[in-house]
Amino acid sequence: MNRKYTRSQFTKPVKAGLTIVALATLFTSSLQAHEDTHQMHRMMAEMKMDNNMNHNAHEGHIMTTEGKDPHAQHKMMMTDVSAKDKVERSRHDYKASAVTMLNQNGKPIDIDKLLNSDKPMMVNFIFTTCPTICPVLSSTFSIVNRELAEAKDLTMISISIDPEADTPEALQRYAKKFEARENWIFITGSVEDSITLQKAFDIYRGSKMNHEPVTYLRASSDKSWTRLDGFPSSDQLISEYHHMKMGH
Ligand SMILES: [Cu+2]
C-alpha cells in the first residue's frame, strides 16, 4: 500500500481533532470575555486566517456541520461569514489623488506616483483598531503576501481610513502583527487626504464605522482597476494576480 496514503489517514483526523479543541477553547474564552461582540469578530477573523492557511476548507466547516455545538449564536455568526464570501467584481477607472501621505516608516509618499505604477498592485482601505472587517482583509493580504513572496513586482498597499489613530508607529505594529513583507506598504496621513483618497476610490461612507470590505487590483497604470466587493479568499487574490500578469 502507498505509504503517503496511509499516513494521511492518520494525520487528518488528528488535525481535525486539534482544530475542534482549539475552536472550543476560543469559544469558551469568548463567552467569558467582556466585549463579547468585538472578541467574536476578532475570532472570526483569526479562524478565517487559520482556514486559509491550512488550505483545507473542510476543517473550517467542522463546527457548523458537527451539530453538537450548543452555542447556536456562534454558529449563526459563522454562517454569516460564509454568506459574506460572495464577491462582486467590477472594473473602474479610478484616478488616484495627488496627495502626499506617509508610509509606516514616516516617509512621505506621493500617492499619485505610488498608485500609478506600471507594475501589479493590490490595494485595500483599513484601520488598525477595527474589530470586524479589517482583520479579515488583512489576514487575507498576509497570506497573499507570503504565498506570493517570489512575486517581486507586486506591491500591496493598505491605506488607513483612521489616520488620526493610525500613526506610522501604529501601522508598523500592525504590519508586524500580519507579518508584512517589504512589498506590503501601509499608508497614513492627514484626515483630509485620507478622505480625498477614499472618495477617489468610491469607498468613503462618511465614517469608519460604515466602511465596507473592498479590494482593488490593477496590472499597471494603463489598465482599469478591478474592484472586489466582499471578502475574496487568498486563493482568489493569487489567481487574480496571475490573471493580471497575463496582461488583463
Ligand atoms: Cu474594518
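The buried residues of helix α8 are covered by elements that include β2 (100–103), α5 (111–115) and β5 (155–160). Cover here refers to contact, that is, C-beta atoms, placed from the backbone, within 7 Å. Helices (H or I, at least four residues) and strands (E, at least two) are DSSP runs, numbered from the N terminus.

This is a predicted model, in which local features need pLDDT of at least 70 and side-chain atom pairs count only at pLDDT 80 or more, while totals for chains, interfaces and linings use all residues. Residues are numbered from 1 along each chain as its sequence is written.

Helix α8 spans residues 191–200, and its buried residues are D193, S194 and L197. Seen down the axis of α8, these fall within an arc of 100°, so they line one face of the helix. The arc is that of the directions from the helix axis to the C-beta atoms. A residue is buried if 20 or more other C-beta atoms lie within 10 Å of its own, exposed if 12 or fewer, and partly exposed in between. The face of α8 turned away from the buried side carries the exposed residues E192 and K199. Just after α8, D202 takes a positive phi of about 50°.

I turn now to helix α7, residues 168–177, where L171, Y174 and A175 are buried. These residues cover an arc of only 100° around the axis, which puts them on the same side of α7. A general point applies: an α-helix has 3.6 residues a turn, so residues three or four places apart point the same way. On the other side of α7, E169, K176 and K177 are exposed. Strands β5 and β6 (184–188) are among what covers the buried residues of α7. Just after this helix, E179 has a positive phi of about 50°.

How do helices α6 and α9 meet? The axes of α6 (residues 133–147) and α9 (residues 234–245) come within 9 Å and cross at roughly 50°. The contact is made by T140, I143, V144 and E147 of α6 and by S234, L237 and I238 of α9.

Finally, consider P108, found in strand β3 (residues 108–110). Is P108 buried or exposed? P108 is exposed, with 9 other C-beta atoms within 10 Å. Not counting residues up to four places away in sequence, P108 touches T100 and L102. The C-alpha atoms of P108 and I187 are separated by 9.5 Å, although these residues are 79 residues apart along the chain.

Technical notes
Two residues are in contact if their C-beta atoms, placed from the backbone, lie within 7 Å. Axes are lines fitted to C-alpha atoms, for helices over the stretch in contact, and angles run from 0 to 180 degrees between N-to-C directions.
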